[in-house]
Amino acid sequence: MSEAQWYVVHTYSGYENKVKVDIEKTIENRGLQDQILEVSVPLEEVIELKNGAQKQVERKMFPGYVLIHMSKGGGVGVGLSHLYNDDV
């Protein structure tokens, strides 16, 4: 297996978690667990001020993007490319 690298998938903002779940299902269905190590939607904790009260919330660090840690070999990218295209 070649060295794993991080790749970025662009999606509509607000659909990151749905895309992540769909990618994870595809990984499981196609048996790609040994080639795709992690699918991530990075979050950060921030403090918002609403009505004079501080509230700690999680926010997406990169809205509209999903990160995939995978090895490049074996046509894995081709296996995932069918998930989303401009026709949808």
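Trainee: Which residue forms a salt bridge with K60?

Mentor: Before that, bear in mind that this is a predicted model, where local features need pLDDT of at least 70, side-chain atom pairs count only at pLDDT 80 or more, and totals for chains, interfaces and linings use all residues. Residues are numbered from 1 along each chain as its sequence is written, and side-chain values use heavy atoms, with hydrogens and water left out. A salt bridge here is a side-chain nitrogen of Lys or Arg within 4 Å of a carboxyl oxygen of Asp or Glu. With the closest N and O atoms 3.8 Å apart, the partner of K60 is E16.

Trainee: How many residues apart in sequence are the parts that K60 and E16 tie together?

Mentor: Helices (H or I, at least four residues) and strands (E, at least two) are DSSP runs, numbered from the N terminus. K60 sits in strand β4 (residues 53-60) and E16 in helix α1 (residues 16-30), so the separation in sequence is 44 residues.

Trainee: Is E16 buried or exposed?

Mentor: Buried means under 20% relative accessible area, exposed over 50%, and partly exposed in between (1.4 Å probe, protein chains only). K60 comes out partly exposed at 28%. E16 has a relative accessible area of 1%, so the word for it is buried.

Trainee: What separates K18 and D22 in helix α1?

Mentor: Their side chains meet in a salt bridge, 3.0 Å from N to O. K18 is partly exposed at 46%, while D22 is buried at 19%. The two are 4 residues apart in α1, so what separates them is about one helical turn.

Trainee: How far apart are the closest N and O atoms of E24 and K20?

Mentor: This pair is also 4 residues apart in helix α1. E24 is partly exposed at 33%, and K20 is partly exposed at 24%. Their salt bridge has its closest N and O atoms at 3.7 Å.
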